[in-house]
Amino acid sequence: MDLAFTPEELKFAEEVRAFVKANLPADVCDKVKNGKHLGRDDYMRWQQALGKKGWLVYTWPKKYGGPGFTPAERYIFENICAEEYAPGIIPFGTKMVGPVIYTFGSDEQKQKYLPAIRESTVWWCQGYSEPGSGSDLASLRTRAEKNGDHYIVNGSKTWNTMGHWADWIFCLVRTDPKAKSQEGISFLLIDMKTPGITVKPIIMMDGGHEVNEVFFDNVKVPVANLVGKENEGWTCAKFLLANERLGIAAVPQSKRGVEALKEIARAETDNGKPLIANQGFAEKIADLEIQVTALEFTELRVLSQMAHGGQPGPEVSGLKIRGSEIQQRITELTLEAVGEYSAPYLPGLLWQGTNEAPVGPDYAHLAAPRYFNTRKTTIYGGSNEIQKGIISKMVLGL
Amino acid sequence: MDLSLADEQKQLQDAAERFVRDKYAFENRRKIAATEKGFLPENWAQMAELGWLGMSFSEADGGYGGGAIETMIVMEQFGKGLVLEPFLPTVVLGGGMIAAAGSAAQKQALLAPMIEGKKQFAFAWLERQSRYNLADVSLKAEKSGSGYTLSGHKGVVYNAASADDIIVLARTAGGAREENGLTLFVVDGKAKGLTRRDYPTQDALRASELTFDKVSVGADTVLGSVDGAHPVVEDAVDRAIVALCAEATGCMDAINAATLEYIKTRKQFGVPIGKFQVLQHRMVDCFTNAQEARSMTLMATLKIDDKDAVVRRKAASGAKVQIGKSGKFCGQSAVQMHGGMGVTDELSVSHYFKRLTMIDLMFGNQQHHLTRYSNLAMAA
Amino acid sequence: MDLVLKPAHREFAEEVRAFTRANLSPATREKTFSGKHYGRDDHVVWQQALGKKGWLPYTWPKKYGGPGFDVTQRFLFENVLAEEGAPRIIPFGVKMVGPVIYTFGNDEQKERFLPGIRSSEVQWCQGYSEPGAGSDLANLRTRAIRDGGHYIVNGQKTWTSFAHWADWIFCLVRTSPDAKPQEGISFLLIDMKTPGITVRPIIMVDGAHHVNDVFFDNVKVPAANLIGKENEGWTCAKFLLANERLGIAEVPASKRGVRSLWQLNDDPSLKEKIADVDLQVQALEMSELRALSTMQLGGAPGPEASILKVRGSEIQQRIAELAMEAVGEYAAPYQPDMLFRDTNETPVGPDHAPPAAPRYFNMRKTTIYGGSTEIQKNIVSKAILGL
Ligand SMILES: Cc1cc2nc3c(=O)[nH]c(=O)nc-3n(C[C@H](O)[C@H](O)[C@H](O)COP(=O)(O)OP(=O)(O)OC[C@H]3O[C@@H](n4cnc5c(N)ncnc54)[C@H](O)[C@@H]3O)c2cc1C
Ligand SMILES: Cc1cc2nc3c(=O)[nH]c(=O)nc-3n(C[C@H](O)[C@H](O)[C@H](O)COP(=O)(O)OP(=O)(O)OC[C@H]3O[C@@H](n4cnc5c(N)ncnc54)[C@H](O)[C@@H]3O)c2cc1C
Ligand SMILES: Cc1cc2nc3c(=O)[nH]c(=O)nc-3n(C[C@H](O)[C@H](O)[C@H](O)COP(=O)(O)OP(=O)(O)OC[C@H]3O[C@@H](n4cnc5c(N)ncnc54)[C@H](O)[C@@H]3O)c2cc1C
């Protein structure tokens with residue numbers, strides 16, 4: 001057991017830092033630094049740079065084109081990317097469908113889909129949730145009926161993050177309506193350009209458009225796009241949910257968020273002094289920082305288990321719970337730091353990146369929308385109530 | 001000691017409830033928010049007609065002799081409907097300060113038309129550095145001839161675009177953050193040298209940044225005594241805080257009711273999600289929080305006219321702490337219990353949540369008022 | 001609507017204060033302010049003085065010998081007593097069994113039992129909980145079998161507060177084992193001197209002896225001691241639980257606790273925590289006043305009283321927690337003699353240090369007894385929210 005990095009690891013860290021500095025587009029870096037919203041192209045340029053280097057799929061095994069990072073390298077990579085203001089890697093391809101394909105897919109599927117995910121030339125989105133199936137995912141009703149060498153898909157998915165930017169969607173669909181709810185589900189890959197697919201925006205409470213409803217009206221999907229066996233999609237779904245929960249703790253981003261918060265607290269005044277000198281506020285930041293540290297060490301412990309051959313198990317749920325609460329707390333304190341100057345709502349600046357001048361400092365107009373938006377982190381990827389249900393059943397045996 | 005409403009007060013409550021029901025169905029509010037002014041002049045006229053704009057002022061001042069209880073009653077209903085008309089800046093703050101500090105002539109010229117619905121006000125005190133310190137004011141008013149020249153900046157001034165007059169807190173003497181040396185001016189909204197940048201706020205109200213570039217005003221625009229505005233402002237803001245608390249109480253009732261309804265009807269795993277004990281207990285905590293908020297608002301309403309300034313201040317701060325805490329709890333819980341639907345713009349919950357959030361930040365958040373309360377309690 | 005006291009109420013408050021100062025033993029008062037445990041006499045002597053004055057059953061209607069206080073007087077009475085350092089009135093007689101008897105009992109029972117409760121000549125304890133029936137009270141199994149003019153009682157009660165001081169116990173017993181759990185229960189009054197009853201102490205986390213196990217071995221109880229009808233005891237139980245929940249908020253004592261926190265605080269980082277609990281007490285008090293005001297207008301304390309119990313108990317815990325935090329490391333020395341006995345031992349640290357940690361430990365009970373917080377929330381969620 002050792003907290004210090006080896007000389008090789010330190011060398012690796014330098015390599016990552018140099019790479020990020022050289023390859024992260026300056027405008028993208030700026031946007032992240034200032035908490036601005038990123039467009040599709042912003043994510044793509046950075047992910048493609050990583051793809052070229054072979055680092056985009058940094059969690060994948062070597063066999064499938066991953067760089068084969070050790071847990072320490074993974075940790076270093078994620079932290080340095082965050083420290084250097086790289087955008088978060090969009091998880092749907094690299095962390096979700098990719099691993100499902102290389103674990104459950106056929107060789108043709110691996111050849112067809114994995115390269116584009118590794119290189120980020122295709123944008124994926126996740127089609128799990130439906131209006132009637134959120135926490136109770138297994139109740140999903142989008143139907144896929146086999147018709148020769150195609151499935152005909154009918155139904156609707158909802159909450160598709162960035163579905164309006166996506167080239168492909170991976171879906172859970174019901175192939176056997178008579179089986180028990182978990183047993184009649186299949187995992188299907190669908191080209192978003194297929195006729196019969198409509199994407200309708202859902203506007204979030206901060207006014208932003210990041211999620212969508214996706215409607216399927218007699219959409220013809222080749223049977224070759226089925227991953228794993230028909231009616232065994234739930235296995236893929238569960239596997240993927242465990243992966244999703246790990247990334248979602250977002251520790252490096254939270255560390256960066258705490259630093260950003262401190263900077264804001266230094267810039268804001270309170271009775272003529274920097275806000276950070278206000279004892280009550282300083283204690284809140286300290287409390288938050290301690291929570292982040294505790295989470296980071298818990299995550300390191302999980303990674304180390306995985307290095308010794310374990311799979312991430314249900315205890316990963318604990319990471320998602322705390323990670324999401326911490327993300328919320330950061331935005332809550334940022335809002336508190338900004339105070340009344342968070343009131344102006346400037347949608348042009350916020351969403352269109354117009355060159356409208358901000359009211360007050362540039363960070364002010366972002367504080368409230370961020371706080372509102374981040375309420376999502378305890379809901380998506382399995383709500384915190386559901387995560388606690390899982391832990392109590394799987395870990396505590398209740 | 002008596003905690004029940006008098007008959008006329010019950011009637012007022014019914015009337016306000018009816019107003020909100022008729023005018024502020026959720027989709028209607030969305031439309032009102034999108035209009036040019038962000039509220040409906042016809043609603044304002046109706047409030048005048050119903051006597052609401054004058055109810056809290058003494059008969060001597062042309063009002064109808066009510067007080068803080070009446071304000072509480074209507075503000076609570078306004079909270080239930082997320083009413084957008086500028087009652088707080090115009091009546092509670094503007095009208096309140098004119099009634100408290102104005103000369104007979106000013107009351108005649110300003111208060112009387114306000115009560116008739118013909119004048120609106122805005123209160124400009126905040127500056128970039130002020131945070132919640134009402135004395136952290138640097139906009140300068142310098143004597144020039146018989147009048148004054150105002151130069152400087154004011155931020156997040158609610159209702160400035162619609163206000164006929166803007167009540168400006170300016171520094172006439174003293175250094176930074178000194179309580180002495182502050183003076184209130186009633187400045188014409190169209191005064192020369194005054195420029196505005198208007199914008200909507202997170203919770204669909206309207207506010208502006210104001211720049212004063214050598215705005216000349218007469219000596220007759222001074223409201224109250226020169227250099228002596230601080231106690232007037234502190235009292236007015238404390239009253240506004242209590243009114244905001246009442247509004248927040250209404251918001252909490254509405255958001256709790258909507259959430260309760262949702263968890264009774266939304267089904268997952270074959271049952272209404274309200275069958276899950278975690279949600280049940282959280283819902284109970286929401287109701288407890290709203291009850292406490294109501295209790296503290298009532299307490300503050302009944303103490304805000306106390307002769308002892310310390311009692312008044314502790315009451316306002318105490319209620320604001322509770323509202324901050326309860327509002328956050330109810331708001332965050334409502335969103336969480338709605339799942340994905342809670343974070344969208346589509347349902348009313350997110351709109352109540354945003355309003356509750358901004359109420360906490362107005363005139364001092366929970367932390368600020370906890371500090372203020374504890375300092376007052378320690379000194380006592 | 002206002003908070004102003006009428007002159008008659010102000011005079012009343014002064015009368016209560018004068019009475020308390022004249023009749024409360026200084027030694028008892030001192031125990032209150034130093035956080036020591038009371039003995040039986042501290043309670044009984046004081047309650048008997050209140051009884052003589054006619055104030056002990058201050059919540060009872062005039063008809064049954066109550067003083068007929070209005071809501072404001074009740075409020076003032078409780079507050080002045082707490083301010084003057086009176087021990088809380090032990091609820092089992094006055095607040096629990098008394099109202100059950102005058103509501104559900106027959107005339108002989110009223111004549112026989114109410115005077116002893118009003119005067120505090122007779123001490124009562126509550127026999128509800130059993131080892132297998134805590135939150136799930138209806139699961140109780142202590143059996144009472146009718147045998148001519150008597151019931152023969154067998155079984156065990158537990159957590160019985162002050163059973164070692166009590167003359168009588170009121171019990172929930174099972175009279176019909178075949179009925180649905182709630183339907184076979186009866187409400188029985190039992191003389192603690194009846195042969196076959198054994199009381200065994202349970203020592204609490206702080207070393208105190210408040211609660212007991214009570215064993216019943218073929219205890220003969222006259223059928224005349226049955227309150228209400230046989231097998232309808234659950235109605236009495238529910239009625240009583242609602243009463244219990246209201247009193248349990250303990251606002252006046254918490255106000256006293258907050259006042260002493262403000263006094264012993266010399267640590268600036270604590271002051272905001274104290275302010276916060278101070279405000280919680282104020283909110284609770286206003287909520288209780290609002291509930292009382294509804295009662296005055298004819299309503300009964302319903303399930304919403306559960307909320308008062310929940311918050312009241314959390315606040316009591318928080319006050320104890322902050323008192324311990326204020327003491328810091330000097331909370332560590334355990335000096336039982338200074339808590340339970342009259343002794344001239346001196347405290348290791350400051351005067352207020354010895355009871356700080358024991359009190360914190362002890363106060364954990366408040367969210368458990370009288371129906372735990374979780375159970376209260378279940379009740380509210382079902383009865384008020386309709387979930
Ligand atoms: C006012 C303000 C100022 C700030 N200033 C700075 C600053 O100066 N410097 C700084 O470093 N940071 C700052 N931050 C914090 C910083 O913005 C965040 O840490 C950072 O934006 C995280 O961005 P990301 O691209 O990594 O997003 P990610 O968290 O990676 O998310 C990317 C997108 O994917 C979606 N998503 C992720 N996971 C899932 C999932 N499992 N299911 C569905 N959707 C998912 C998210 O909703 C999001 O839309 C600031 C924050 C605020 C509020
Ligand atoms: C911003 C955002 C992005 C998303 N992106 C995607 C995406 O890209 N692809 C995708 O497929 N999905 C996505 N989702 C959907 C997300 O996974 C669901 O919102 C989530 O699973 C919750 O489902 P729901 O919204 O239907 O809430 P519900 O399931 O209706 O839950 C409502 C409330 O009830 C609680 N609850 C439900 N069941 C229980 C129980 N058994 N015990 C206790 N409490 C319970 C929940 O915790 C919640 O508080 C996204 C959601 C959001 C908000
Ligand atoms: C100091 C003290 C004095 C007491 N005095 C008396 C007395 O004088 N007379 C008397 O009759 N009794 C008395 N009691 C007993 C008291 O009423 C019980 O302790 C109480 O009802 C809880 O029962 P239990 O201890 O068996 O806990 P359990 O019922 O075993 O509960 C254990 C935990 O499970 C939780 N729980 C149980 N059921 C549920 C549910 N459905 N949903 C969610 N959570 C649940 C509880 O909240 C608790 O946290 C006293 C207790 C104490 C501690």
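A backbone N or O atom of Y128(A) lies 2.9 Å from an oxygen atom of ligand 2, a polar contact in the sense of a pair of N or O atoms within 3.5 Å (within protein, one must be able to donate a hydrogen and the other to accept it, and residues adjacent in sequence count only if both atoms are side-chain atoms). Q126(A) likewise places a backbone N or O atom 2.9 Å from a nitrogen atom of ligand 2. From chain B, a polar side-chain atom of R266(B) lies 2.7 Å from an oxygen atom of the ligand. Ligand 2 lies between chains A and B. Of the 30 residues around ligand 2, those that come nearest are S135(A), T161(A), S383(A), R266(B) and Q336(B); a residue is counted as near if one of its heavy atoms lies within 4 Å.

The model is predicted: local features need pLDDT of at least 70, side-chain atom pairs count only at pLDDT 80 or more, and totals for chains, interfaces and linings use all residues. Residues are numbered from 1 along each chain as its sequence is written, chains are lettered from A and ligands numbered from 1 in the order in which they are written, and side-chain values use heavy atoms, with hydrogens and water left out.

The size of an interface is often given as the accessible area lost when the parts come together. Here the buried area, which is the accessible area (1.4 Å probe) that two parts lose on being put together, summed over both, is about 4100 Å², and carbon and sulfur atoms give 54% of this. On the side of chain A, M205(A), E340(A) and Y341(A) supply 20% of the area buried against chain B, more than any other three residues.

Chains A and B are joined by 5 salt bridges, each a side-chain nitrogen of Lys or Arg within 4 Å of a carboxyl oxygen of Asp or Glu. In a salt bridge between R131(B) and E268(A), the closest N and O atoms are 2.9 Å apart.

Chain C is divided into domain 1 (7-89), domain 2 (124-232) and domain 3 (248-383), with bounds from an automatic or database domain assignment. The centres of domain 1 and domain 3 of chain C, taken over C-alpha atoms, are separated by 20 Å. Domain 1 of chain C brings 18 residues to the contact and domain 3 of chain C brings 17 residues. Together they bury about 1500 Å², of which 56% comes from carbon and sulfur atoms. K36(C), H37(C) and V71(C) lose the most area in domain 1 of chain C, together 35% of what that side buries.

Between these two domains of chain C there is 1 salt bridge. The side chains of R88(C) and E250(C) meet in a salt bridge at 3.0 Å, N to O.

Methods: Contact = heavy atoms within 4.5 Å.
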